Amino acid sequence: MRKTILAFVIAVIAMSVAVGCGNHSEKATLPVVSTALVNDSTLPGDSAYYGLACDGCTDSVIVVLGNLENDPDTFEIVNASINRKVLGTPKVGDLLAVIPNPTNKRQALQVINIEYLRGTWCSRVMPRLRDISQMPKRLQKRIMEEMTDSEKRALLVSKEIGMVVKKDHTIRPVGFAMRATTTDEQGMVEYPEPKRYEEWRLLNGRLILKLSHRMMSDSIHAQRQAEEQRDTADILLLTKDTLLLQIGSELQGYYRK
């Protein structure tokens, strides 16, 4: 059934491009986007335009089909490209989120290729020595400098963690089982507890990440607080292999797994 719908959508895109892309006259407002077509649910207050990339996308414009009842819409992306706000190269059939310029609806301030956003993203974290973690930073540095390279390699082994960004807006954690073993060497180090997310959404071009209730204690009150606790991330870089997020003052980089 899903393959049939996809084939129908692709056929409609081809016909719409052939018939409609020759007329790019300015419209007062953009048509209502069909959420059934783009298979994407939006949050209240989200002014982004969601649609499928059509044939005709270039370095200066993108052509997007947001509703089967309308012709594809064309957005100018020159300034967005200069400002590095075209996140992910649009290809025919990719789901895009377009942030239009409020004063010029045919100009995109930002473009996000949602197909690029989905998938498995990982990063690596380093442990710290348990015995010195509570010491002053200067003393910690001195101890680390006095350790031999072989000692550091034996203890300071990085771990891979990450997340799977799924199509249904859920997030599955990757590599979070990092409890130390009972050996003396492993017991000397501990790994930082990264944030775990369980849901994602886009809101006006920003990534909204819902924290997992596992980040909180087991109390009912804490779990209710976690249900409303979210991080808002700016997407600074998005390619096939790299994702760079800014959450507050912190930068978090990922590589695709």
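Select Cys-54 to begin: this residue is buried, at 1% relative accessible area. Buried means under 20% relative accessible area, exposed means over 50%, and partly exposed lies in between, with a 1.4 Å probe and protein chains only. Cys-57 belongs to no disulfide, and the nearest cysteine sulfur, on Cys-54, is 6.9 Å away. Cys-57 is partly exposed, at 25% relative accessibility. A disulfide here is a pair of cysteine sulfur atoms within 2.5 Å. The count by this rule is zero.

**Ground rules**

This is a predicted model: local features need pLDDT of at least 70, side-chain atom pairs count only at pLDDT 80 or more, and totals for chains, interfaces and linings use all residues. Residues are numbered from 1 along each chain as its sequence is written, and side-chain values use heavy atoms, with hydrogens and water left out.

**Whole chain**

Zoom out and colour by secondary structure. The protein chain has eight helices and 16 strands. Both are DSSP runs numbered from the N terminus: helices are H or I with at least four residues, strands are E with at least two. The protein chain has 257 residues, and 40% of them count as buried. Contact means heavy atoms within 4.5 Å. Of the contacts between residues at least 6 apart in sequence, 57% join residues at least 24 apart.

The protein chain exposes about 15300 Å², with 52% supplied by carbon and sulfur atoms. Accessible areas use the Shrake-Rupley method with a 1.4 Å probe; for residues, only the protein chains shown count as cover.

**The cores**

Hide the surface. Select Trp-200, Leu-202, Leu-207, Leu-209, Ile-235, Leu-238 and Leu-243. In the largest nonpolar core, of 28 residues, these touch the most other members. Several elements supply at least two residues each, including strand 5 (95–101), helix 4 (114–117), strand 12 (197–203), strand 13 (206–211), strand 14 (230–238) and strand 15 (242–247). A nonpolar core is a set of buried Ala, Val, Leu, Ile, Met, Phe, Trp, Tyr and Cys residues joined through side-chain atoms within 4.5 Å.

Centre on Leu-209. Which residues is Leu-209 in contact with, leaving aside neighbours within four places in sequence? Among them are Ile-171, Tyr-197, Trp-200, Ala-233, Leu-245 and Ile-247.

Next, select Tyr-49, Phe-75, Leu-96 and Val-98. These are among the eleven residues of another core, apart from the largest one.

**A surface patch**

Select Leu-236, Leu-237 and Leu-251. They form a nonpolar patch on the surface, with about 260 Å² of accessible area together. Patches are made of residues with over 30% relative accessible area and no salt bridge; like charges are joined within 9 Å, and nonpolar side chains (Val, Leu, Ile, Met, Phe, Trp, Tyr) within 5 Å. Leu-237 sits in strand 14. Leu-237 is partly exposed, at 36% relative accessible area.

**Salt bridges**

The whole structure holds seven salt bridges. A salt bridge puts a side-chain nitrogen of Lys or Arg within 4 Å of a carboxyl oxygen of Asp or Glu.

Start with Glu-160 and Lys-257. Their closest N and O atoms are 3.3 Å apart. Glu-160 lies in strand 9 and Lys-257 in the segment after strand 16 (250–256), so this pair ties together parts 97 residues apart in sequence. Glu-160 is partly exposed at 23%, and Lys-257 is exposed at 61%.

Move to Arg-196 and Glu-193, which pair at 3.4 Å, N to O. Arg-196 counts as buried at 17%, whereas Glu-193 is exposed at 52%.

Then take Asp-234 and Arg-206, with 2.8 Å from N to O. Asp-234 is in strand 14 and Arg-206 in strand 13, 28 residues apart. Asp-234 is partly exposed at 27%. Arg-206 is partly exposed at 37%.

Select Arg-172, in strand 10 (residues 171–174). Arg-172 is partly exposed, at 46%. Beyond four places in sequence, Arg-172 touches Gly-162, Met-163 and Val-164.

Step to His-169, in the loop between strand 9 and strand 10. His-169 is not a glycine, yet its phi is positive, near 75°. Is His-169 buried or exposed? His-169 counts as buried, at 6%.

Finish at Asn-204, in the loop between strand 12 and strand 13. Asn-204 also has a positive phi, about 55°, without being a glycine. Asn-204 is partly exposed, at 31%.
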